[in-house]
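Hello,

Please find the structure below. My notes on what was found in it follow.

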Amino acid sequence: MNAGPLLATDRAALILQLVPYLIGKGEVSLAEAADAFDVDPEHMRTMVEKLTVIGLPGEGGFWQMANDLFDIDWDLLDERDLIVITNSVGLERTPRLTAREAAALLAGLQLAATLPGVGDSGVVQGLLAKLARGASSAPAELIVAPDGVDDVRVAVAAALRAGVALSFTYQAPDAPATTRTVDPVKVHIASGQWYLQGWCHLRAAVRTFHLDRVSDVRLTDVAITHGEENVPDLFEPADTDVAVDVRYRAASAALLADYVAVDTTSVDGAFETARVRVGDARSLKRAATRLGGELEILAPESARQSSAAWAEAGLAQYR
Amino acid sequence: MAKEPTRTAPEERLVNLVVALMATEQGLTKDTILSSVAGYREQSEAGASKDALEKMFERDKENLRGLGIPVETIGDYADPDDLRDARYRIPTAEYELPADIDFTPAEIAVLNLAGGVWSESSMSADARSGLRKIRALGIDVDAPIIGYSPRINLREASFAPLHRAIEQGRVVEFSYLKAGEDAAVVRSIQPLALLEYEARWHVYGIDLAAGEPRTFLLARISTEVRITRTSFDLALRDGAGERALTGLTDLAARQRALLEVEPGTEASLRLSRRARPADQGIHVPYVDIHILADELASYGPEVRVVEPVALRDEVILRLERALALHTDVRTTA
């Protein structure tokens, strides 16, 4: 019952944004406008067509006259998929940001400010003030706590800008340290963790590196050759992943999602059993002790045993 | 050429209403609106009851205000509560993005990045919509800031109702499971700010039982958040985000754990970013003892807690439970 009017309100909000956009553009293709409004081209065509029944109220009991309504160049739209407004009756200026829109952007800006070269440029401070002033009412305060910039992050930013490979020591958990040369492609920042995705010269493939595990970083003078590489999503499962069966309290399911891709689950009272995929079965011992008692590794046996040994070795320090 | 009357979609009626209310200086009465604005007019002429139309108008007005559109009511000066002859209008100056706000190409490039950070769909839609409004100003964009994909993760269902309650200045109630305790306690707070700190969302507000500001972890809210009808003064929100952040930073400065770490291990790499060297090991500041204990337990033999004792006990507890679970006979054979 609520969905109807809500959707209509959202559609009205889109029309209020569409008019100034179209007027600003003068002439724009259906495809470009659709892209800008996150809708498909046919939806955009309908929106533009419907615009022509919107206008000023009729006067003195008469229906609206043509020049009281928005109008478009129908030939251009029908024949060439181009949008041009030929008569406008208001709404030419962009509406203010809603409190929510401002809040969403303000929080995003605080995160963007942690990037080397962005936060220190003064741009963010100016934007914070402008967004607050451009909102229709005071946005709720959403704070993203700042995070320190370090040498590794600065070096990665410099390599990205200069388009050169980076060389560094990489210490993956439970593996010997290696020296890597990497063409940087993308830095992912998720849950406060920084990851570099890039073309690893050693592995001759795209790899992801947690920046906390990177040290002795330096820029090379080797221009990157794989900068345009299509990188997979950060935690996209890989072919090399291994399957592990786990059992955990259903309430902890969200916690588990932080570590692994969950395949199948079956519920058994307050517990769930799932098959999860991980890059390295050894890494799950860390999740097992972190979630101490909330997560049981059922199979393979080796992963189960390494969890027990990991907990045992940890405890031995306190005996 | 006059248009044939057809049934008007509700969004068209809403936009017609905005156009009409912005075109008038002195305001339109409800009667004028219902008999002349397309969308109401057809229904009026088709014999819809005045009562039904007035209700529709009230709803439309509220929906527009929900979009941040300032629908102004000009009442009777002699009796402001008498709305029979009230006039309605939308003041252009309050509707439009102020003409003197402009954005440089460099600012637009940063905003484009900022608009893409939300993983949660409703915040993401709001950010994109805001960005679209700014882009409609027709500003050139600098070369995009490439090579970065910053994300704000948001899994907690309590975020949306808390955000709404902060906007509206309403008291909320929820059950909160304090770490280390078994029973959740119902809390009643005036929510003032939401804060992401160390990748976890917190709500900061006045706890009505304690009469003091408190910070709560969203992950520990164990029921739905109920927005009550009790409102509070929106001025309480001023500077609340800053106070919340200072509160957590001060807490982290006061609480620190003394740890011994095995060099070259995952524990050493991950902790050293936050640590300061101590005589015997390293000092790591923390906000929540249970969250730090979770992390330290994951490092197994790579780290040993020297103090505080409470933290040490929590880590040992997790290790013991994990050991018990993996050495006993398996739960399912």
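Across the interface of chain A and chain B there are 43 residue pairs in polar contact, both residues at pLDDT 80 or more; a polar contact is a pair of N or O atoms within 3.5 Å, where within protein one must be able to donate a hydrogen and the other to accept it, and residues adjacent in sequence count only if both atoms are side-chain atoms. Helix 1 (residues 3–25) of chain A gives the largest share of the side of chain A that touches chain B, 12 residues. By class, that side of chain A has 66 nonpolar, 26 polar and 25 charged residues (Ala, Val, Leu, Ile, Met, Phe, Trp, Tyr, Cys and Pro count as nonpolar, Asp, Glu, Lys and Arg as charged, and the others, Gly among them, as polar).

This is a predicted model, in which local features need pLDDT of at least 70 and side-chain atom pairs count only at pLDDT 80 or more, while totals for chains, interfaces and linings use all residues. Residues are numbered from 1 along each chain as its sequence is written, chains are lettered from A and ligands numbered from 1 in the order in which they are written, and side-chain values use heavy atoms, with hydrogens and water left out.

In contacts (heavy atoms within 4.5 Å), 117 residues of chain A meet 120 residues of chain B. The two chains bury about 10500 Å² between them, 60% of it on carbon and sulfur atoms; buried area is the accessible area (1.4 Å probe) that two parts lose on being put together, summed over both. Between chain A and chain B there are 15 salt bridges (a side-chain nitrogen of Lys or Arg within 4 Å of a carboxyl oxygen of Asp or Glu). One of them joins A:Lys50 to B:Glu12, with the closest N and O atoms 3.9 Å apart.

B:Arg270 lies in helix 10 (residues 266–272) of chain B; helices (H or I, at least four residues) and strands (E, at least two) are DSSP runs, numbered from the N terminus. The side chain of B:Arg270 makes polar contacts with the side chains of A:Gln193 (2.9 Å) and A:His210 (3.2 Å). Leaving aside neighbours within four places in sequence, the contacts of B:Arg270 also include A:Asp212, A:Arg213 and B:Tyr299.

The chains also share strand pairing (at least two DSSP bridges between two strands). Strand 5 (residues 141–144) of chain A runs parallel to strand 6 (residues 185–197) of chain B over 4 bridges, and A:Leu142 has B:Leu194 as its bridge partner.

Regards
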